[in-house]
Amino acid sequence: MDPAAAKLIGAGLASIALVGAGIGIGTIFGNYLSGALRNPSAAPGQFANLLLGFALAEATGLFGLVVALIILFVF
Amino acid sequence: MPNPMHQFEIKRFIELDLFGLDVSFTNASLFMVIAITLISFLTIWGMRGRALVPTRMQSIAEISYEFVANMVRDNVGSDGQKYFPFVFTLFMFVLFCNMLGMMPYSFTVTSHIIVTFALAAIVFIGVTVIGFIKHGFGFLKFFVPSGVPTALLPLLVVIEIISYLTRPVSLSVRLFANMMAGHTMLKVFGAFVVGLGYLGGWAPLAFMVAFTGLEILVAFLQAYVFAILTCIYLNDALHMHH
């Protein structure tokens, strides 16, 4: 297999990490929504934690994307 | 299809050389200068009137001050107030650099790993030094959580140290990856709009409008997350609860 094709396949495989990002973000927002529907008055207090959790979950997915880009553009 | 990575190229405007090091004034430097100018304009000129009932610009300056001050007070506590100027500078710089990148034909300073790594390294080294100054060598007790059976302790200390050392990596890569991936996607969908022409270009255009809105939100959110994680790490160094 020539290296250029292997690079493209490797980049595609590394992008599968974004599945984790999707699941994580969905979990966080889903839990926030179910909590907010049970106790609406407590929801604004946790909004900051919601945004923090979303960014942290997205970050791990983006680490996988960075690996894909490194494979494509550095090697 | 045009290359979406061309937007991240560094172009030198004024070539400068300091003892063999390349210190040219580049497009990155230009946008950092623009960001600092805008922040200074907002805070200094906006607060010029010092009215009790604020004008619009004074209101924006006061809101951003209060936002970061509340963040520092909630996450670091009352003895963290002396680090407020640092966190405020960090937050405003990252926010303005991210937002300036949303303008067409501009350059996103924070989409380069060296910029975000420099910021994260300052935070990490600063927080570690603050921890050692405040607690001396007792700061190393931070890596030994309480209530752990002694058999597990060596393994757990190693894991704690490794996870502490990945903090600057995760802090810098989070901001860098969000900015670079966002702007690459904007360029790619822009190419789709042009490529599909007058008949089909409306669909990617509608998506681009929504996605640009999302990117503006992400620009603000990433600045907020960078600042709040700085506050959390500062809290860890000052008050070593785990």
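How many helices and strands are there in chain B? In this predicted model, chain B has seven helices and four strands.

**Chain B as a whole**
- Taken along the principal axes, the box filled by the C-alpha atoms of chain B is roughly 70 × 50 × 45 Å.
- Chain B has 242 residues, and 26% of them count as buried.
- If you look at contacts in chain B between residues at least 6 apart in sequence, 62% of these join residues at least 24 apart.

**A closer look at Met180(B)**
- You will find Met180(B) in helix H6 of chain B, which covers residues 167-200.
- Met180(B) counts as buried because 23 other C-beta atoms lie within 10 Å, and the cut-off for a buried residue is 20 or more.
- Leaving aside residues up to four places away in sequence, Met180(B) touches Phe8(B) and Ser111(B).
- Ile36(B) lies 144 residues from Met180(B) in sequence, and their C-alpha atoms are 21 Å apart in space.

**Where chains A and B meet**
- The contact between the chains involves eleven residues from chain B and eight residues from chain A.
- On the chain A side, the residues that touch chain B comprise eight nonpolar, no polar and no charged residues.

How values were computed: Residues numbered from 1 in each chain as written. Chains lettered and ligands numbered in written order. Predicted model: local features only at pLDDT ≥ 70, side-chain atom pairs only at ≥ 80, totals over all residues. Helix = DSSP H or I, 4+ residues; strand = E, 2+ residues; numbered from the N terminus. Buried ≥ 20, exposed ≤ 12 C-beta atoms within 10 Å, placed from the backbone. Contact = placed C-beta atoms within 7 Å. Nonpolar A, V, L, I, M, F, W, Y, C, P; charged D, E, K, R; others polar.
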